[in-house]
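Subject: Structure for your review

Dear colleague,

Please find below the structure I am handing over to you, together with its sequence. My findings follow it.

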Amino acid sequence: MRGKRAERLAPGSLPPIASRATGRGRWIVGVFVYRGVSSSEIDEPVQRLAARLDADIVTIAPGSGSVHGVEPSREIEVDHVVDDAPPVDVLVVPGGLGWKQVIDHAASRDWLARAALDAKGILAISTGSLLLASVGRLDGRDATGHWLADADLAALGAIVTGGRTAAADEGRVATASGALAALQVVDELATRSRWVEWMRP
């Protein structure tokens with residue numbers, strides 16, 4: 001963080017989470033963000049996943065502008081709204097306090113369903129698993145998420161494992177109970193996503 005943006009930060013505050021471009025653009029990790037999303041579930045897990053894939057990171061949100069993340073409090077810059085988002089190679093759906101407002105947003109649900117269908121890999125974290133399940137992408141699949149939401153996850157069609165991590169669809173879909181658990185699966189998800197690309201004719 002340099003220049004005028006750094007000067008505007010209040011003492012002790014964290015810099016905004018922003019997109020990351022490698023300049024090569026071969027892979028895109030798309031992160032779905034919304035007001036009240038958990039910034040800790042975006043920062044380190046996504047950075048590690050993108051580093052493994054040498055990928056660009058783009059953020060996609062229900063609306064334009066920045067969104068305020070929590071745990072810790074942090075602004076997240078938005079690159080695309082769901083109506084104009086590019087295709088993504090790996091989809092990341094973090095959880096957060098704002099997941100309930102997103103579940104009723106039709107355009108976001110439509111985009112999540114399409115992105116999850118086409119992505120080579122998917123990572124849903126904490127209550128992000130509920131968002132993924134709400135668009136039918138965890139139906140009959142092993143999944144985990146925030147422990148307080150196990151009943152809701154099951155009601156949305158997932159097979160709740162109760163573990164810290166779970167994999168489904170031959171490893172294409174990974175779910176995690178939180179940010180630390182997500183770090184346990186990002187390497188394997190990156191490897192599996194590369195394998196899918198290599199196997200394509």
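In this predicted model, the side chain of Thr59 reaches the backbone oxygen of Glu77 at 2.6 Å. Thr59 belongs to strand E2. Its relative accessibility is 1%, so Thr59 counts as buried, the cut-off being under 20%. Leaving aside residues up to four places away in sequence, Thr59 touches Val31, Val33, Ile76, Glu77, Val78, Asp79 and His80.

Strand E2 is part of an open sheet of seven strands with mixed pairing, in the order E5-E2-E1-E6-E7-E11-E10. Strand E5 (80–81) and strand E10 (165–168) form the edges, each pairing on one side only. Strands E1 (residues 28–32) and E6 (residues 90–93) run parallel and are joined by three bridges; Val31 has Val92 in E6 as its bridge partner.

Two helices should be noted alongside the sheet. Helix H2 (residues 43–53) packs on the sheet and touches E1, E2 (56–61), E6 and E7 (121–125), with its direction at about 165 degrees to that of E1. Helix H4 (residues 106–118) lies across E1, E2, E6 and E7, and runs at about 140 degrees to E6.

Not counting residues up to four places away in sequence, the contacts of Leu123 include Leu91, Val92, Val93, Ala182, Val185 and Leu189.

Yours sincerely

Note on methods. Residues are numbered from 1 along each chain as its sequence is written. This is a predicted model: local features need pLDDT of at least 70, side-chain atom pairs count only at pLDDT 80 or more; totals for chains, interfaces and linings use all residues. Side-chain values use heavy atoms; hydrogens and water are left out. Two strands pair if DSSP finds at least two bridges between them. Helices (H or I, at least four residues) and strands (E, at least two) are DSSP runs, numbered from the N terminus. Contact means heavy atoms within 4.5 Å. Axes are lines fitted to C-alpha atoms, for helices over the stretch in contact, and angles run from 0 to 180 degrees between N-to-C directions. Buried means under 20% relative accessible area, exposed over 50%, partly exposed in between (1.4 Å probe, protein chains only). A polar contact is a pair of N or O atoms within 3.5 Å; within protein, one must be able to donate a hydrogen and the other to accept it, and residues adjacent in sequence count only if both atoms are side-chain atoms.
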